[in-house]
Amino acid sequence: MGRLDDKTAVVTGAGRGIGREIALTLAAEGASVVVNDLGGATDGTGGGTIAEEVAQEIRAVGGKAAANTESVATVEGGASLLQTAIDNFGGMDILVNNAGILRDKSIFNMEESDWDAVIAVHLKGHYCCSRPFAKYIRESGRRGTRIINFSSVSGLFGNFGQANYGAAKAGIAGFSRVLAIELAKYGCTVNVISPGALTRMTIPLREARGEDTSDADMASGGPQHIAPVVAWLCTEEAAGISSQIIHCASGLVGIMQQPAIIKSFEKPDNGVWTLDELDSYMPQLIETKQANDAAAKAGGAAVATG
Ligand SMILES: NC(=O)c1ccc[n+]([C@@H]2O[C@H](COP(=O)([O-])OP(=O)(O)OC[C@H]3O[C@@H](n4cnc5c(N)ncnc54)[C@H](O)[C@@H]3O)[C@@H](O)[C@H]2O)c1
């Protein structure tokens, strides 16, 4: 008995990296899996049939899988995912929006095509794949459904050379908060993963810093560390968890802070602030924020005891 028997999952970008591990893990827990992947290069160019290879890998060990090689960046591609799930497995319960590309450049060198390509796969891709699934949930009355979206510290904290990617990944966090509200009454949870894993997306960055990527590094920091967290969020035990950002990497699982007003001052009668008043109040806000950040950092880490 798997924990996801009778569920059908669609995993985008599941031909390699984090998505492949998620597809294998969901299938091992009994889910039927649509393995989507365009099969292109890290910058989004080209294509290939790696989705079918992963689907075959799942079927070879007795699992249920079907391949889909459409792009998540088009409305038609997004709709085809739901259709593949219905055609092969009769429905859909889980959507993992994992597909991604990179076109890292500082803002000085970032051409419109670099901006558009990254926003299209990540931010628009989340829209293209989620909308048909959301409509299907509402129209079919399917319950216990899940959407797991993929953000990044690049968007949540900021990272040099990734204005396109960071904007998309921060946008995905905002998109997910809205979807969590809109789909709550249909019993669909919407959560976000902020992963850290050695994949073809991150290994070159590491090598550029002169660091090796050995088998031991892959064991301690590979994509296999992300998949169980995604799978758990798909289980019945996670039914009450929505609108959260879970950070996971190398044996670490954590929960992110979300935007919140942590201190404010109010002028009587909705008065308008003067610049001189702000000279005094703005530093107090910044001080509160710094103390809040320091407290969150100090109190955040604990070693699991089993
Ligand atoms: N690896 C990390 O440390 C890290 C950190 C933060 C966020 N992420 C995010 O995690 C997700 C997975 O990344 P990864 O590291 O496994 O990268 P990866 O390059 O190994 O895998 C991404 C997969 O998405 C596929 N893909 C790209 N464009 C597509 C499209 N238009 N349609 C369908 N498939 C497409 C690629 O072919 C590839 O197989 C991405 O969203 C990435 O931004 C990864």
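## The nonpolar core and its surroundings

Author: The largest nonpolar core has 68 residues, and those touching the most other members are Val10, Val11, Ala23, Leu26, Val33, Val35 and Val230. Such a core is a set of buried Ala, Val, Leu, Ile, Met, Phe, Trp, Tyr and Cys residues joined through C-beta atoms within 7 Å. Buried stands for 20 or more other C-beta atoms within 10 Å of a residue's own, exposed for 12 or fewer, and partly exposed for anything in between, with C-beta atoms placed from the backbone. The model is predicted, so local features need pLDDT of at least 70 and side-chain atom pairs count only at pLDDT 80 or more, whereas totals for chains, interfaces and linings use all residues. Residue numbers start from 1 along each chain as its sequence is written.

Valine 11 is in contact with Gly19, Ile22, Ala23, Leu26, Val33, Val35, Asn36, Val96 and Asn98, leaving aside neighbours within four places in sequence. Contact here requires C-beta atoms, placed from the backbone, within 7 Å of each other.

Helix α3 (residues 75–89) has 15 residues and spans 22 Å from its first C-alpha to its last, close to the 21 Å expected at 1.5 Å a residue. That expected span is 1.5 Å times one less than the number of residues. Helices (H or I, at least four residues) and strands (E, at least two) are DSSP runs, numbered from the N terminus. The buried residues of α3 are Gly77, Gly78, Ser80, Leu81, Leu82, Thr84, Ala85 and Phe89; they pack against β1 (8–11), β2 (32–36), β3 (64–68) and α4 (112–140). After α3 comes glycine 90, with a positive phi near 80 degrees.

Serine 130 belongs to helix α4 and is buried because 21 other C-beta atoms lie within 10 Å. Beyond residues up to four places away in sequence, serine 130 touches Leu95, Asn97, Ile147 and Leu179. Asparagine 164, in helix α6 (residues 163–183), is buried because 25 other C-beta atoms lie within 10 Å. Outside four places in sequence, asparagine 164 is in contact with Arg103, Met110, Asp114, Trp115, Val118 and Ile119.

Around the ligand there are 32 residues, with Gly13, Gly17, Gly100, Ser152 and Thr199 the closest; a residue is near the ligand if its C-beta atom, placed from the backbone, lies within 6 Å of it. Helix α1 (17–28) and strand β6 (189–196) each supply at least two residues of this shell, and α1 gives the most, with 3 residues. The shell divides into 12 nonpolar, 17 polar and 3 charged residues. Ala, Val, Leu, Ile, Met, Phe, Trp, Tyr, Cys and Pro count as nonpolar, Asp, Glu, Lys and Arg as charged, and the others, Gly among them, as polar.

The domain assignment gives domain 1 (8–255) and domain 2 (261–306), with C-alpha centres 33 Å apart; its bounds come from an automatic or database assignment. Aspartate 269 is in the loop between β8 (252–255) and α10 (275–299), and asparagine 270 is in the loop between β8 and α10. Aspartate 269 has a positive phi near 55 degrees without being a glycine, and asparagine 270, also not a glycine, has a positive phi of about 55 degrees. Aspartate 269 counts as exposed because it has 5 C-beta neighbours inside 10 Å; asparagine 270 is exposed, with 6 other C-beta atoms within 10 Å.

How values were computed
Two residues are in contact if their C-beta atoms, placed from the backbone, lie within 7 Å.
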